[in-house]
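Colleague: I would like to learn how to read the packing of helices in a protein model. Could you take me through it slowly, with the general idea before each case?

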Amino acid sequence: MGDDATRAADGRLIDAVERIGDAGRAMLREAAKREGLSLTQAQLLLRVTTPSAGPQSTGSFARWLEVSAPTVSDAASALVRKGLLEAVPGMTGSGRSSWVPTTAGREAAERLHTWRDPLTSALAACAPEERAVALRVLLEAVASLHRTGRITVARTCLTCRFFQLDRPGDASGDWCGLLAAPLAPADLRVDCPEHQPAAAHR
């Protein structure tokens with residue numbers, strides 16, 4: 001494929017990702033509206049209730065959501081007033097309070113998760129192998145954006161020090177050094193709780 005054709009194809013791929021991102025934000029905004037939440041409040045509540053997130057401070061959530069700490073603080077305060085979050089001191093080991101969901105907050109987060117349903121249905125039309133290739137392509141893009149500072153936090157396999165492009169021995173393929181196990185294309189993680197940043201990204 002020539003350079004012009006490659007640039008055109010890349011442009012169409014970027015346009016498609018942007019279109020999906022716009023649709024995703026609109027669907028999440030609508031789900032948030034049904035819960036009486038702003039988009040940022042919904043994003044924070046979903047992040048707080050993600051099992052892999054663990055206890056985090058305001059600053060940690062701000063870096064993940066790519067917003068300012070005051071924005072997160074305002075959203076968290078609103079969620080506390082609504083009875084969906086509570087502040088627990090000392091959980092992060094820094095002496096600062098972290099945000100944890102209440103029972104009502106977890107129930108609201110479960111309802112918010114339905115914003116993904118239309119996308120899940122759309123992806124079902126593609127073969128598992130096609131979805132795995134798409135995942136790898138997007139994770140490569142995330143890793144590149146993380147290297148250049150465009151994405152602050154990336155807890156993906158491809159940005160982790162345990163990730164190896166070739167497994168030990170003669171076999172080839174992705175390998176997780178922490179699990180000491182091969183990684184199938186569909187097993188690559190977007191948000192790994194055991195992630196440790198690589199010294200030099202690939």
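Modeller: Let us begin with what an axis is: it is a line fitted to C-alpha atoms, for helices over the stretch in contact, and the angle between two such lines runs from 0 to 180 degrees between N-to-C directions. Two packed helices are described by the angle between their axes and the distance between the axes. Please keep in mind that this is a predicted model.

Colleague: At what angle do the axes of α2 and α4 cross, and within what distance do they come?

Modeller: The two axes cross at roughly 80° and come within 9 Å. Angles of 65 to 115 degrees count as roughly perpendicular, and α2 and α4 are therefore roughly perpendicular to each other. On the side of α2, Thr-40, Gln-41, Leu-44 and Leu-45 take part, and they meet Thr-71, Val-72, Ala-75, Ala-76, Ala-78 and Leu-79 in α4. Sorted by class, this contact of α2 with α4 holds seven nonpolar and three polar residues, with no charged ones.

Colleague: How do α2 and α3 pack, and at what angle?

Modeller: Helix α2, residues 39-48, packs with helix α3, residues 58-65, at an angle of about 110°, and their axes are 11 Å apart. This pair, α2 and α3, is therefore also described as roughly perpendicular, and the crossing is right-handed. Gln-43, Leu-44, Arg-47 and Val-48 of α2 make the contact with Phe-61, Trp-64 and Leu-65 of α3. Five of the residues in this contact of α2 with α3 are nonpolar, one is polar and one is charged.

Colleague: Which residues does Leu-44 contact, leaving aside its neighbours within four places in sequence?

Modeller: With those neighbours set aside, Leu-44 is in contact with Phe-61, Leu-65, Val-72, Ala-75, Ala-76, Leu-79 and Leu-85. Leu-44 is also among the residues with the most contacts inside the largest nonpolar core, together with Leu-37, Leu-45, Leu-79, Leu-85 and Leu-112.

Colleague: How many helices and strands does the chain have?

Modeller: There are seven helices and five strands in the chain, which follow the pattern α-α-α-α-β-β-α-α-α-β-β-β when read along the sequence.

Note on methods: Residues numbered from 1 in each chain as written. Predicted model: local features only at pLDDT ≥ 70, side-chain atom pairs only at ≥ 80, totals over all residues. Heavy atoms only, no water. Helix = DSSP H or I, 4+ residues; strand = E, 2+ residues; numbered from the N terminus. Parallel < 35°, antiparallel > 145°, perpendicular 65-115°, else oblique. Left-handed = near helix turned anticlockwise from the far one by under 90°. Contact = heavy atoms within 4.5 Å. Nonpolar A, V, L, I, M, F, W, Y, C, P; charged D, E, K, R; others polar. Core = buried A, V, L, I, M, F, W, Y, C linked by side-chain atoms within 4.5 Å. Buried < 20%, exposed > 50% of the residue type's maximum accessible area, 1.4 Å probe, protein only.
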